[in-house]
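Colleague: Before I use this model, I would like to go through the terms applied to it. Please set each one against its definition.

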Amino acid sequence: MAGIRLPPDDSDISHARAPINADLVSDDDRSVAADSWSIKSDYGSTLDDEQRHADASDALASGNFRTASDYKLISDKDELDSEVVTSMLGLQSYWDAAYADELTNFREHGHAGEVWFGAEVMEIVASWTKSLCIEISQGHIPNHLDDAKSEPVEQSEKYLSSWSVLDIGTGNGLLLQELAKQGFSDLTGTDYSEGAIDLARSLADRDGFTNINFLVDDILESKLERQFQLVMDKGTLDAIGLHPDGPIKRIMYWDSVSRLVAPGGIFVVTSCNNTKDELIQEVDAYNQRKLGASQEPDTPKDNDLDLSQDSPPFRYLNHVRSYPTFMFGGSVGSRVATVAFLRS
């Protein structure tokens, strides 16, 4: 099903941050942000802008990657030009300014900041992910989960204590706090905005979650040297898709995520700009690209991925079914999709 983008009600747009004054994102900022991304090939070499676009062209031609202008967090009826907002929301300079404001609000008023997609979605994601991990710990590969199913935290801890968790693009870190309430204990959050990490640490300290580890790290150029049994993304893929080089950066994103999820681990992605089917199609395209590259003669092996010719990096595992849906043009859709993939 194609992505459905209905204009949200005023009460439903808390996850789409109010655009910061456009003066905060100058043309120079856009140029610096666009040029500052270090693009690396599968073999670790740094590529210049012309070469990175050439290397990505084949993957883009065969993959299911949309252009940055296809991704919108606001409707065409909003005052700001949609293309301008698309670029702003994809730039680190935007998020640095946004989290600087939120950190100031926290210090002055104790505000936690915005919860992307709302608190209800965050709670559903955390509870559903807990149930999924418990099922896997018990030796089951579920093809359906009751989203309302829950076990006492005391019983959950014996299953969840062994799960190492990474939240990429953690923002204010509230998803990790919710996962801690569900019984997870080995928790790490990363974000490329130093202000976001400062805010997440401050909130965790205030709320008594001092065991959560927060690090400044860019998912597209991750310096993390460990792998995790569970990797979470709530909105980061959406933001990456809004960058002017979104299609290229989405390819880089999946390469990085595949290195961070441990074999047999799971990746849970929550998006407001992609349906479940679109996320599955994007992962299938990534799988085909990696398998095709591994079968090319004289192609150096990517030891980090360690793929065999018949082993795709990810396969679809499950998705949240409890989000409210609506009918549009004869198709049923939801404002939010959460999908889990199993790492080979």
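Colleague: Which residues touch the most other members of the largest nonpolar core?

Modeller: Trp95, Leu179, Phe184, Leu230 and Ile266 do, in a core of 54 residues. The model is predicted, so local features need pLDDT of at least 70 and side-chain atom pairs 80 or more, while totals for chains, interfaces and linings use all residues. Numbering runs from 1 along each chain as its sequence is written, and side-chain values use heavy atoms, without hydrogens and water.

Colleague: What makes a set of residues a nonpolar core?

Modeller: Its members are buried Ala, Val, Leu, Ile, Met, Phe, Trp, Tyr and Cys residues joined through side-chain atoms within 4.5 Å. Val231, Ile240, Ile248 and Tyr253 are included in a second, separate core of 25 residues.

Colleague: Why is H7 called largely enclosed by the rest of the structure?

Modeller: Because 8 of its 9 residues are buried, that is, under 20% relative accessible area with a 1.4 Å probe, protein chains only. Gln177, Glu178 and Gln182 are among the buried residues of H7.

Colleague: Why is Ser322 called partly exposed?

Modeller: Its relative accessible area is 35%; exposed would need over 50%, and partly exposed lies between that and the buried limit. Ser322 sits in the loop between strand E8 (314-319) and strand E9 (325-328).

Notes. Helix = DSSP H or I, 4+ residues; strand = E, 2+ residues; numbered from the N terminus.
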